[in-house]
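Please look through the chain once, then read the points in order.

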Amino acid sequence: IGYMELLVNGNNIPEETRDKYLKVAYNKSLRLQKLIEDLFGFTKLNYGKIAMNIAKVDIVKLMAQLLEEFYPNFMENSLEYSLESTENQVMIEADGDLLARLFDNLINNAIKYGKDGKKVSVVIRKVDDIVHVAVINYGKVIPKEDIDKVFNKFYRVEQSRSVNTGGTGLGLAIAKNIAMMHGGDIVVQSDLYGTIFDVTLSVNYNKEKYVYENRDLI
Ligand code: ATP
Ligand code: MG
């Protein structure tokens, strides 16, 4: 919507820029279409019936692409963003569409709840066969009593219900589910130094582990 607003409201946008905005908006709407289909199938996700398409994914490239798609939203909220990585390329075995959805949810939250914080950072660290992808924002701290519950379906922190951020409280439940489908996890830490959602993923997709974790989710 951000890119389409730029197109609708902008005058004399150079053709090249217009094409770029159109392409981003088109790709994003394709992903949204898929998201809606999958939301209807949320129960299926819980029952492990979503087929995973495992392929080699460069997580650095994926994060760079996602951040670029969010550019209008960052701009609208006067936020800067940065991407840091210990390596230029980090290849992992994963379902790229599912990972895009996971990080889409985290970046969305970082913007929505980190508006007062000036900046959103993504930090990728590869440690042996594990990759950490941390999405960090500043601004609203998640209260201690809520921190263990934010991954629960439909759970929203009281303060975010009163301000009009209009979510359903499914974003983090879906994100956690997707991480676990990959044999990974997400942990959160929130204090005055920032709110960090740290996603861990293995470089190698381990089918045994996936079957086990997924059975655990039912
Ligand atoms: P939805 O994602 O379904 O649109 P939502 O954003 O409210 O709705 P979740 O993404 O599951 O739901 O997040 C749950 C709650 O955790 C949010 O309502 C918010 O209070 C808190 N939260 C999530 N991410 C952050 C963050 N980066 N900083 C501060 N609070 C957060
Ligand atoms: Mg959310």
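The points below go from the chain as a whole to its sheet, its helices, its salt bridges and one surface patch.

1. Basis of the note. This is a predicted model, in which local features need pLDDT of at least 70, side-chain atom pairs count only at pLDDT 80 or more, and totals for chains, interfaces and linings use all residues. Residues are numbered from 1 along each chain as its sequence is written, chains are lettered from A and ligands numbered from 1 in the order in which they are written, and side-chain values use heavy atoms, with hydrogens and water left out.

2. The whole chain. The protein chain has 10 helices and seven strands; these are DSSP runs numbered from the N terminus, helices being H or I of at least four residues and strands E of at least two. Of its 218 residues, 44% count as buried, where buried means under 20% relative accessible area, exposed means over 50%, and partly exposed lies in between (1.4 Å probe, protein chains only). The accessible surface comes to about 12600 Å², and 51% of that belongs to carbon and sulfur atoms; areas come from the Shrake-Rupley method with a 1.4 Å probe, and for residues only the protein chains shown count as cover. Among contacts with a separation of 6 or more, 71% are between residues 24 or more positions apart, a contact being heavy atoms within 4.5 Å.

3. The sheet. Five strands make an open sheet in the order E2-E4-E5-E7-E6, and the pairing is mixed. Two strands count as paired if DSSP finds at least two bridges between them. Strand E2 (80-85) and strand E6 (185-191) are the edges, each pairing on one side only. On average, neighbouring strands of this sheet are turned by 15 degrees against each other, direction ignored. Angles are taken between axes, which are lines fitted to C-alpha atoms (for helices over the stretch in contact), and run from 0 to 180 degrees between N-to-C directions.

4. Pairing around E4. Strand E4 (residues 119-127) and strand E5 (residues 130-137) run antiparallel and are joined by eight bridges. Ser 121 has Ile 136 in E5 as its bridge partner, and Val 122 has Val 135. The hairpin of E4 and E5 has two residues between the strands, and in it Asp 128 takes a positive phi near 55 degrees. E2 and E4, in contrast, run parallel and are joined by six bridges; Glu 84 stands opposite Val 123 in E4.

5. Which strands does helix H4 touch? Helix H4 (residues 59-69) packs on the sheet and touches E2, E4, E5 and strand E7 (194-202), and its direction makes about 175 degrees with that of E2. Helix H9 (residues 171-181) lies across E6 and E7 and runs at about 135 degrees to E6. H9 is mostly covered, with nine of its 11 residues buried; among them are Leu 172, Ile 174, Asn 177 and Met 181. Gly 183, which follows H9, has a positive phi near 75 degrees.

6. Salt bridges around Lys 28. A search of the whole structure finds five salt bridges, each a side-chain nitrogen of Lys or Arg within 4 Å of a carboxyl oxygen of Asp or Glu. Lys 28, Glu 69 and Asp 104 are linked in a network of them. Lys 28 meets Glu 69 at 3.6 Å, N to O; Lys 28 is in helix H2 (residues 15-40) and Glu 69 in helix H4, 41 residues apart. Between Lys 28 and Asp 104 the closest N and O atoms are 2.9 Å apart. Asp 104 lies in helix H6 (residues 96-113) and Lys 28 in helix H2, so this pair ties together parts that are 76 residues apart in sequence.

7. Another salt bridge. Glu 93 pairs with Lys 56, the closest N and O atoms being 3.7 Å apart. Glu 93 is in strand E3 (residues 91-94) and Lys 56 in strand E1 (residues 55-58), 37 residues apart. Glu 93 is partly exposed at 24% relative accessibility, while Lys 56 is exposed at 60%.

8. A surface patch. Tyr 71, Met 75 and Tyr 81 make a nonpolar surface patch of about 270 Å². Patches are made of residues with over 30% relative accessible area and no salt bridge, with like charges joined within 9 Å and nonpolar side chains (Val, Leu, Ile, Met, Phe, Trp, Tyr) within 5 Å. Met 75 lies in helix H5 (residues 71-76) and is partly exposed, with a relative accessible area of 42%.
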